[in-house]
Amino acid sequence: MSLSEIVYESKEFSRTAEISIKQKKLMTPAYFPAISSYGTKYSFQALSHLLTVYSYPRLLISAYDIQFFEEKEQLLREISEYSKRCFVFLDSGVYESSWTADSKWTYDLYRKIASHVDFDFYTSFDILPCAKDTTEEFTKRTFEMILASYRLSNKVGFIPVLHGLEPDQLLSLVKKFVKKYPNLCGIIAVPERDCGQDIVEKARTIIKIRKLLDKSNSRTILHILGCGNPISLVIFSYCGADLFDSLDWTKCIIDPHSLITNDFSHLELINCDCSICSGVERNYAEKVLLHNLLFYQDYMLQIQSLIRKNQIFDFICEHVGQRIIRKIVNQKI
């Protein structure tokens, strides 16, 4: 089932699309700031409160963190109110449970939490690849869990998550899934880390996935999990990715002019004159986080404009040089 309409499609791979859910509209490419209890020095509560209070138009939140949050009912009320005007992406929580080695986090707990959250998008309870599994076993377990996850809600924004120990395994899984379950391919998500080791290999993998999806339905939205580096965002958008999420907004400072990420303490060094940096006095951490959020909002709008004006290739060449982008697109795929 397609949730999107292609607004503009370039002669290469990039495109802009409009996703409509519950009378809310989302233009792609778009970035979801993720909230997590793992991988950031700021509390889950502080980050979720910041995004909801300032009504950032999108957020990704983990079911795992909701389950173990002490003031769960208050959080659920805040999310419910926020979701009336903004997009909520509910992640299955496998990321947090795997990093904390919490074997008690199960699909049944995810299903229970999902029944209490007002969300627009929700992922399958993803199966992480294991070297001891055969490809057939891994594929079978992945597809079974995707089907189970699809049934946990009647909401339309279902996102199957597909993994791979290396790019070829990921591509094989995507190909099999699209062929077997085309009705579940409104949106497909893959982790950036599974697409390759370097930027060129990752970009080539994303192009291959985009081509696989387009053979079945060009309106399928491709989400890249765990991707927030500004250069990666524009290159992967060029390669046909539509949605992104990450914790990057909580870990560094982004220079909107150079697109370079800096140490969290270096805000004064980038001489930024955005409305946050030149505005009212704030707590330093809040100032940096809001600076980053404003950057991502403006930057994704800029990428959308670059695509529509057929200028994204030139923009990438300006920031990384023609050698890299030519290396990506000249590869036989």
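Helices here are DSSP runs of H or I with at least four residues, strands are DSSP runs of E with at least two, and both are numbered from the N terminus. This is a predicted model, where local features need pLDDT of at least 70, side-chain atom pairs count only at pLDDT 80 or more, and totals for chains, interfaces and linings use all residues. Residue numbers start from 1 along each chain as its sequence is written, and side-chain values use heavy atoms, with hydrogens and water left out.

**View A. A cis peptide bond sits between Thr28 and Pro29.** Omega is near 0° for this bond. Pro29 belongs to the loop that links β3 (24–27) and β4. For background, most peptide bonds are trans, and most residues other than glycine have a negative phi.

View B. You'll find Lys22 in the loop between β2 and β3. Leu259, not a glycine either, has a positive phi of about 65°. Leu259 sits in the loop between β12 (253–254) and β13 (261–262). With a relative accessible area of 5%, Leu259 is buried (buried means under 20% relative accessible area, exposed over 50% and partly exposed in between, using a 1.4 Å probe and protein chains only).

**View C. Helix α8 covers residues 199–216.** At the start of α8, a side-chain oxygen of Asp198 comes to within 2.9 Å of the backbone nitrogen of Val200. Val200 is also one of the buried residues of α8, which include Ile206, Ile207, Ile209, Leu212 and Leu213, along with Lys202, Arg204 and Arg210. Among the elements covering these buried residues are β2 (15–21), α7 (167–180), β9 (187–191) and α12 (322–329).

**View D. Ser62 is part of strand β5 (residues 58–62).** Its relative accessibility is 1%, so Ser62 counts as buried. Leaving out residues up to four places away in sequence, Ser62 touches Ile35, Leu90, Asp91, Gly93 and Glu96 (a contact means heavy atoms within 4.5 Å).

**View E. The largest pocket holds about 650 Å³ of space.** A pocket is an open set of points on a 1 Å grid over the protein atoms alone where a 1.4 Å probe fits, with protein on both sides within 12 Å along at least five of seven lines; lining residues have an atom within 4 Å of a point. The volume is the space filled by probe spheres set on the points, which are joined across faces, edges and corners. Of the 31 lining residues, Tyr95, Trp99, Arg193, Leu225 and Gly226 lie nearest the centre. α4 provides the largest share of this lining, five residues. The lining splits into 12 nonpolar, nine polar and 10 charged residues (Ala, Val, Leu, Ile, Met, Phe, Trp, Tyr, Cys and Pro count as nonpolar, Asp, Glu, Lys and Arg as charged, and the others, Gly among them, as polar).

**View F. The second largest pocket has a volume of about 150 Å³.** Its lining includes Leu50, Tyr54, Tyr56, Ile276, Leu290 and Gln297. Helix α10 (284–308) gives the most to this lining, with four residues. Nine of the lining residues are nonpolar, two are polar and none is charged.

Key:
The expected span of a helix is 1.5 Å times one less than its number of residues. A polar contact is a pair of N or O atoms within 3.5 Å; within protein, one must be able to donate a hydrogen and the other to accept it, and residues adjacent in sequence count only if both atoms are side-chain atoms.
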